[in-house]
Amino acid sequence: MTDTRTTTLLAVSVATPIVLATVAVLAFSGLEIAGRTPSAIGPPRNIAEAVGMGAPSEVLRLLDFGDDPNRVLSVRREIISSTITRVTALEAAIWSHHREMMELLDRRGAIVDGDTRQHLICLTKDVGDADILAYLSGGREVECEQGRALAMVEERSRKSEQER
Amino acid sequence: MTRWAKLSYAYAALVAVGVAYFLLDLPIQVSDCYGNMVKAAKGTLSQLVASEFHQQSYLRPLGWAQIRILLDLSQGRYFEWFRWWHAVQIVLLFVLFLRLVRPRTLASAAVVPLGMAALIGMHTFAGTVRESMPVNMFLMVLICAFAATDLALGPPRLWRSIAAALLLVFATLSVESGILVAVVFVAAYLVGARGVSRVGVAMQVLLVIGYLVLRFGILHIGSPGLEERTSGFGFSRLDPSALIEKFGTHPLPFYAYNIASSLLSIVVSEPREGVWVATRDFLRGDTRVFQVFNIVASALGSALIVRYIWRRRREWLARRFDRSDQLVFIFLAMAGANATVSFAYTKDMILATAGGFYAAALTVAARDFIESMSGLSLARAIAPMLFLVLLSTTWALRAVNAHMGLRIAAVKVRTEWAYVDSWLKENPEVLSEPGAAEMKRHLQDDAVRIHPLRPKLAGRWLEWFND
């Protein structure tokens, strides 16, 4: 009898933690299938959020669905910062600090004209990303009023917050 | 089949569902997959297989044949066929694992979760599910090695010897480490397993000799040299030029280092791919949680295996081996052989076969531990119980880590597909093949649009699972 009880207790000791972990994995999977992924920050709500979250595959998908990377969109505070909540996908790409992201948008024709490029270059200078700056400017020197582009984006975000 | 066996198979089915859920989130990769698929699609199957006998450094004609056959069967439904085939391989692996450890009693069924956690939680297993190539040959070799053990430990039959020979040819011509299948048959024979006859084992030896003659003497394929890849050494990775500078004229110390590193990696999960990562991070005061549970799990598991061998030493010396002894001995032989074939280049995934047998040996050793403690009073059983809880908890964390690793890999692969044009700039030859552009579009669609990114996880707990 002692043998059986001891064996059972030892068996439970070795099996329980791993079985619980398996149940946790299955529960996670089940909840995700039901559309409620635990501990997730949720899918990006628009292309600017996808860029800000550093999710290039989502960016590509949303571009294919016709999302406009030049449209100013709302992004949640946790995506870029609490003061930057209204940006275009192109602007968000600067804060992603991924040159490839900017290249991806550019390759898809998102930088439509010289003014857009100029704005992005100045914003990149304000935010500070040498790699993206080198890509956008192609190595040439571009004149910018320091802080102006960033102030414009911050002001836009502030207005939006106030309107809410 | 006893109720414990049924329960074990039911549990394995649940684990398979969990792994498959994460596995089916993983798109076909760009690097090592897309290019391979383009290459495999060229010409006819027989032309593909024939051309693989005339390559440099690698001899994998049947590996390429598997990719081609799946390609043809898929008729353009690449994701479905390749990813589901990967899931089927996992199911096959689990069934074979249970056939090896034979859970028939309470104690033997209770250690099945531990064994399966070790099987999928070992760092050597991660590459077999995170990478696909697009058919993962290292996973295939592990399956073949488990199947080989099943053949060897069964009752003597002529068909088993014939199947053993076919299995070795298939595994060896799929990927180089397939040669380890022969190690299973020889090791099993040495410890009294007669499922494959003496002639069958002799045939294995002859086939291995034949393979080596074919590879090095007739086809002059050779093997990859130091100049092929970066490799771990000490606390960092060395690129080919640094390797040649350091070991070019005298590579033997480097080879010995790789063998020793591989052995230690199997037993204590450190070093990893030749790099003493956890030690380095510890010295920097930057130890991560997963490093702790990886090493503790392996150290406790290995201690149990050593304990088992010590308890059985008299039987072993008297050459009296039961099935459990045979499994543990095959693990020891496989660890030595797998480490040895990693002499030129050690990588977690190459050690997958030894890692799989580690899980089997741990299962046997844990069962023996429970059975040997069953006579203790409840009060005296507290220390063994706590030991088992710690062992099981650390392996549970490693098993969860395996799933999280798949999740992270799924994000990385989708990022690869988003930036595939940059990759193609560096590999322009891929697009020059007929059908390559169409295949790229199709695979990118699969990865980005048809099976989009699942929600991004956040939280400090993720730092525990960032191996």
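Visitor: What makes the meeting of Glu32(A) and Arg454(B) a salt bridge?

Guide: This is a predicted model, and in it the side chains of Glu32(A) and Arg454(B) come to 3.8 Å, N to O. The rule asks for a side-chain nitrogen of Lys or Arg within 4 Å of a carboxyl oxygen of Asp or Glu.

Visitor: Which other residue meets Glu32(A) in a salt bridge?

Guide: Arg407(B) does, at 2.7 Å, N to O. This pair crosses between chains, from helix H20 of chain B to helix H1 (residues 2-33) of chain A. Both Arg407(B) and Glu32(A) are buried.

Visitor: How many salt bridges does the rule find across the interface of chain B and chain A?

Guide: The rule finds four there. Over all chains, the structure holds 35 salt bridges. There is also a network of salt bridges that links Asp64(A), Arg108(A), Glu438(B), Arg441(B), Asp445(B) and Arg449(B).

Visitor: How do you know what the extent of the interface between chain B and chain A is?

Guide: The size of an interface is often given as the accessible area lost when the parts come together. Here chain B and chain A bury about 4000 Å² between them, with 71% of it on carbon and sulfur atoms. In terms of contacts, 51 residues of chain B touch 43 residues of chain A. Twelve residue pairs between the two chains are in polar contact, both residues being at pLDDT 80 or more. On the side of chain B that touches chain A, the elements giving two or more residues include helix H1 (3-23), helix H19 (352-373) and helix H20 (382-418) of chain B. The largest share, 15 residues, comes from H20(B). By class, that side of chain B has 35 nonpolar, ten polar and six charged residues.

Visitor: Why is H7(B) described as largely enclosed by the rest of the structure?

Guide: The description follows from a count: ten of the ten residues of H7(B) are buried, so the helix is largely enclosed by the rest of the structure. Among the buried residues are Val112(B), Leu114(B), Met116(B) and Ile120(B).

Visitor: Why is Ala50(A) called buried?

Guide: Its relative accessible area is 0%, and the term applies under 20%. Ala50(A) therefore counts as buried. Its place is in helix H2 (residues 47-52) of chain A. Leaving aside neighbours within four places in sequence, Ala50(A) is in contact with Pro44(A), Ala55(A), Glu58(A), Val59(A), Leu62(A) and Met101(A).

Visitor: Is Asp368(B) buried or exposed, and what makes it so?

Guide: Asp368(B) has a relative accessible area of 11%, so it is buried. This residue lies in helix H19 of chain B. A polar contact of 3.4 Å joins its side chain to that of Arg307(B). Beyond neighbours within four places in sequence, Asp368(B) is in contact with Arg307(B), Tyr308(B) and Arg311(B).

Visitor: Why does Arg288(B) count as partly exposed?

Guide: Its relative accessibility is 31%, and the class of partly exposed residues runs between under 20% for buried and over 50% for exposed. Arg288(B) therefore counts as partly exposed. Its side chain meets that of Asp281(B) in a salt bridge of 2.8 Å, N to O. Asp281(B), with a relative accessible area of 2%, is buried.

Visitor: What makes the pair of Lys440(B) and Asp421(B) a tie between parts of chain B?

Guide: The side chains of Lys440(B) and Asp421(B) meet in a salt bridge of 3.1 Å, N to O. Lys440(B) lies in helix H23 and Asp421(B) in helix H21 of chain B, so the pair ties together parts that are 19 residues apart in sequence. At 17% relative accessibility Lys440(B) counts as buried, whereas Asp421(B), at 29%, is partly exposed.

Visitor: How do you know that chain B agrees with a compact globule?

Guide: With 467 residues, a compact globule would have a radius of gyration near 23 Å, and chain B has 22 Å, which agrees. Buried residues make up 55% of the 467 residues in chain B. The chain contains 23 helices and two strands.

Terms used. Residues numbered from 1 in each chain as written. Chains lettered and ligands numbered in written order. Predicted model: local features only at pLDDT ≥ 70, side-chain atom pairs only at ≥ 80, totals over all residues. Heavy atoms only, no water. Contact = heavy atoms within 4.5 Å. Buried area = accessible area lost by both parts, 1.4 Å probe. Polar contact = N/O pair within 3.5 Å; in protein donor to acceptor, adjacent residues only side chain to side chain. Helix = DSSP H or I, 4+ residues; strand = E, 2+ residues; numbered from the N terminus. Nonpolar A, V, L, I, M, F, W, Y, C, P; charged D, E, K, R; others polar. Buried < 20%, exposed > 50% of the residue type's maximum accessible area, 1.4 Å probe, protein only. Rg over C-alpha atoms; globule rule 2.2 N^0.38 Å.
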